[in-house]
Amino acid sequence: MTRTVIRGGLVITAADETHADVLVEDGRIAALAAHDSACAQGWTADRTIDATGKYVIPGGVDAHTHMELPFGGTFASDTFETGTRAAAWGGTTTIVDFAVQSKGASLREGLDAWYAKADGQCAVDYAFHMILSDVNEGSLKEMDRLVEEGITSFKLFMAYPGVFYSDDGQILRAMQRSADNGGLIMMHAENGIAIDVLVEQALAAGRTDPRHHGEVRKALLEAEATHRAIQLARVAGAPLYVVHVSAEEAVAELTQARDKGLPVFGETCPQYLFLSTDNLAEPDFEGAKYVCSTPLRPKEHQAALWRGLRTDDLQVVSTDHCPFCFNGQKELGRGDFSKIPNGMPGVEHRMDLLHQAVVDGHISRRRWIDIACAAPARMFGLYPKKGTVAPGADADIVVYDPHAEQMLSVDTHHMNVDYSAYEGKRITGRVETVLSRGEEIITDRTYTGRAGHGQYVPRGICQNI
Ligand code: URP
Ligand code: ZN
Ligand code: ZN
Ligand code: ZN
């Protein structure tokens, strides 16, 4: 039996802040006790980590990543190996990635391909959602089996006609199925049919720069799709989780639904909280670095997102990590913004950016841990194994220095992508040491993990309904 004691830190969970030492035994948290208690003083250990003056927090749970996603005629540039190593550097110890059903293929085929891609590669634990891109009798039946297997959430797209798009009938059927089998429908809520008309018109008028990506993917078309998804979920009697919410008007739809007591949940991402259409408008095609969908919005939308996070109208912050290199990948869309692969890097920076939000006064420390660790774990059936520091939980623990200063940059990040979306941004706070199931994978700012340490985690059903 290996024993580690983390001494002297401030343990922060979604519920509490306690000055406590933490005893880890065989990969799990065995006990917490006040620093000077006889109990903590009596603990012996193979290894003691001094966390004096530091925070002791749960490892982050990033519920939205796309490692190696085939998209826009290319592949997301982080593999499970490189992407999960970067996650570890940033204090994220669990990712939930999206396995993809290809058109004409079964869910099984898509899922098996994802198991194979990730197997033996990951630095941190991982689980899967399933993207449904071909809702039919066969795939609807398969959903039941997947829920039993621990794939308990399914992403549908109201955007990307011809690629991942499902029509309202398909969406309703999938929602009805999930109402029966306990699965959670995750929605990419943008009116893709209307957006495609605006894309065609923009290109025909010579508006081809990256900033037009933001202009055609209108906030109203995000809000309309969010509203429609909520009504379809009501008709089906199913809960709904809306991914990557960026528009103030879409937050208002979620707020209205939640005020009615509906089981409707929302996620936003750091890029919508910290970046804006100003980035999309950067000259010399640099704006392509910030092309993702839903798109970045004018700065004015950010206040509604922060407010939603504080009032629990938005529950989760995930990254939607889907990196494409500027050279060779984003460049596919020079002269035609609609050909820029959609997606941004971020898996490494979520915990730090949200700590900066604590420093800036947007959220409290406990809310930081809630939206980044506990809420995503509960939402996707991983709690309390993941997302908290409590006896019995996996010892996925981050020792976080709240006073260290750092600057985000492509020169120092670990994601496999040739730019940083946050180049030059200063952050107060830094991950120091990371334990994954009791093993140190980052030790005093050095990577000590390995590919293959990360294990696949089957999930239970959503714990919020
Ligand atoms: O632009 C994005 N978000 N790319 C990843 C795919 C998705 O829609 O989440
Ligand atoms: Zn203390
Ligand atoms: Zn999406
Ligand atoms: Zn995504």
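Guide: The model is predicted. The strand is strand 13, residues 184–188. Of its 5 residues, 5 are buried, so the strand is largely enclosed by the rest of the structure. Leu184, Met186 and His188 point one way from strand 13, while Ile185 and Met187 point the other way; residues on both sides are buried.

Strand 13 pairs with two strands, taken here in turn. With strand 12 (residues 153–157) the pairing is parallel and runs over 5 bridges. Within this pairing, Met186 of strand 13 is the bridge partner of Lys155.

Now the wider setting. The UniProt annotation "domain: Amidohydrolase-related", from an unreviewed entry, covers residues 55–425. That span is 38% helix and 16% strand, and its end C-alpha atoms lie 22 Å apart. The chain as a whole has 14 helices and 20 strands. Its radius of gyration is 21 Å, close to the 23 Å that the globule rule gives for 465 residues, so the chain is as compact as a globular protein of that length. Buried residues make up 56% of the 465 residues. Among contacts with a separation of 6 or more, 76% are between residues 24 or more positions apart.

Methods:
Residues are numbered from 1 along each chain as its sequence is written. Chains are lettered from A and ligands numbered from 1 in the order in which they are written. This is a predicted model: local features need pLDDT of at least 70, side-chain atom pairs count only at pLDDT 80 or more; totals for chains, interfaces and linings use all residues. UniProt positions are given in the numbering used here, feature names are shortened, and annotations may be inferred rather than shown by experiment. Helices (H or I, at least four residues) and strands (E, at least two) are DSSP runs, numbered from the N terminus. The radius of gyration is taken over C-alpha atoms; the globule rule is 2.2 Å times the number of residues to the power 0.38. A residue is buried if 20 or more other C-beta atoms lie within 10 Å of its own, exposed if 12 or fewer, and partly exposed in between; C-beta atoms are placed from the backbone. Two residues are in contact if their C-beta atoms, placed from the backbone, lie within 7 Å. Two strands pair if DSSP finds at least two bridges between them.
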